Every structure is written in C-alpha cells, then in structure tokens.
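The following exercises are to be worked through with the structure in view. Each task is followed by a solution in steps.

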Amino acid sequence: MALSLLVVSISFYLKEYISPDSDLYATLSLVSVAGVVVMVIAFSLGLGAMPWIIMSEILPINIKGLAGSFATLANWFFSWLVTLTANLLLDWSSGGTFTIYTTVCVFTAGFVVIWVPETKGKTLEEIQQFFR
C-alpha cells in the first residue's frame, strides 16, 4: 500500500512541472490511476480485513459483542473521516495528500509489526497472556 501511494504522490508532484500537453503528463495520469487501483487491491487483501480478523481472534467471548461494536464503529468512523477530508486535502495539494496517506500507511505497518501479536497456532488463552 505504501509503495503504491508513494508512486501516486510522486506522479502528482512530477505533473506540476510538466506541460499538460506532453505525453509524459498523460503517462503520469495513468500511473496515478494504476497506483490508486493497486492501493485499493492491497488494502482489500491486507489492512482492510485487519479489524475483522483481530475482533474474531483476540477478543475474549465475554466482551466480544461490545468490543466488536466499538471496533466496527471506529473502523467506519475513520473511513468516513478519510472520505470527508480527501477533497479538502486534494484541493490543497494532490501530491501532499498522497504523501500524508503514505506516511500514515507506513506508521500503521509499524504499529502492526510492533503491537499486533501473531495468533497462528495459539489458543485464545495464549493470546490473552500476551496482553497481560
């Protein structure tokens, strides 16, 4: 995701210095679209499923309903927030917008690597021990 967003941001930065009539400008436009498409695919295959997987594997049975509702609320709230601010950011700077998204993506990947435990082959009790 971060690499595709970086490609999109670089292509937007480069488009500022190129004439709209040139072939390179059209190519950079296609690169931007392809980068966004790759990001959406990567999100759907990876980070997009993360809240649902974490809810199903980490939450104990006694709080799964309440915590799952909160996680779903947070997931949709942040999706709404990104959608709400996207046009404002794009009016400010297209390259800057995707640079911000790239930075957030990199920090999210770091967060997942550091704080989200591996659950493969572990029981719920072993996973809960990780958080104590």
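Contact, as used here, means heavy atoms within 4.5 Å. The model is predicted, so local features need pLDDT of at least 70 and side-chain atom pairs count only at pLDDT 80 or more, while totals for chains, interfaces and linings use all residues. Residues are numbered from 1 along each chain as its sequence is written, and side-chain values use heavy atoms, with hydrogens and water left out.

**Exercise 1. The annotated span**

Task: State which residues UniProt lists for the MFS profile domain, and describe that span.

Solution. Step 1: The unreviewed UniProt entry lists residues 1-120 as "domain: Major facilitator superfamily (MFS) profile". Such positions follow the numbering used here, feature names are shortened, and annotations may be inferred rather than shown by experiment. Step 2: Residues 1-120 are 81% helix and 0% strand, with end C-alpha atoms 23 Å apart. Helices (H or I, at least four residues) and strands (E, at least two) are DSSP runs, numbered from the N terminus.

**Exercise 2. Helix α2**

Solution. Step 3: Buried means under 20% relative accessible area, exposed over 50%, and partly exposed in between (1.4 Å probe, protein chains only).

**Exercise 3. The start of helix α5**

Task: Determine which residue caps the N-terminal end of α5, and whether Ser93 is buried or exposed.

Solution. Step 1: Ser93 is found in the loop between α4 (64-92) and α5. Step 2: Ser93 is the cap, with a side-chain oxygen 2.9 Å from the backbone nitrogen of Gly96. A polar contact is a pair of N or O atoms within 3.5 Å; within protein, one must be able to donate a hydrogen and the other to accept it, and residues adjacent in sequence count only if both atoms are side-chain atoms. Step 3: Ser93 counts as buried because its relative accessibility is 16%. Step 4: Within α5, the buried residues include Gly95, Gly96 and Thr97, and what covers the buried residues of α5 includes α1, α2 and α4.

**Exercise 4. Aromatic pairs**

Task: Classify the ring pairs Phe77 and Trp80, and Phe98 and Tyr101.

Solution. Step 1: Rings of Phe, Tyr and Trp (its six-membered ring) pair if their centres lie within 6.5 Å; planes under 30 degrees apart count as stacked, over 60 as edge-to-face and the rest as tilted. The count comes to five aromatic pairs. Step 2: Phe77 and Trp80 have ring centres 5.8 Å apart and planes at 35°, so this pair is tilted. Both residues, Phe77 and Trp80, lie in helix α4, three residues apart. Step 3: Phe98 and Tyr101 form an edge-to-face pair, 5.8 Å centre to centre with 90° between the planes. Step 4: Ring pairs link Phe12, Phe98 and Tyr101 into a cluster.
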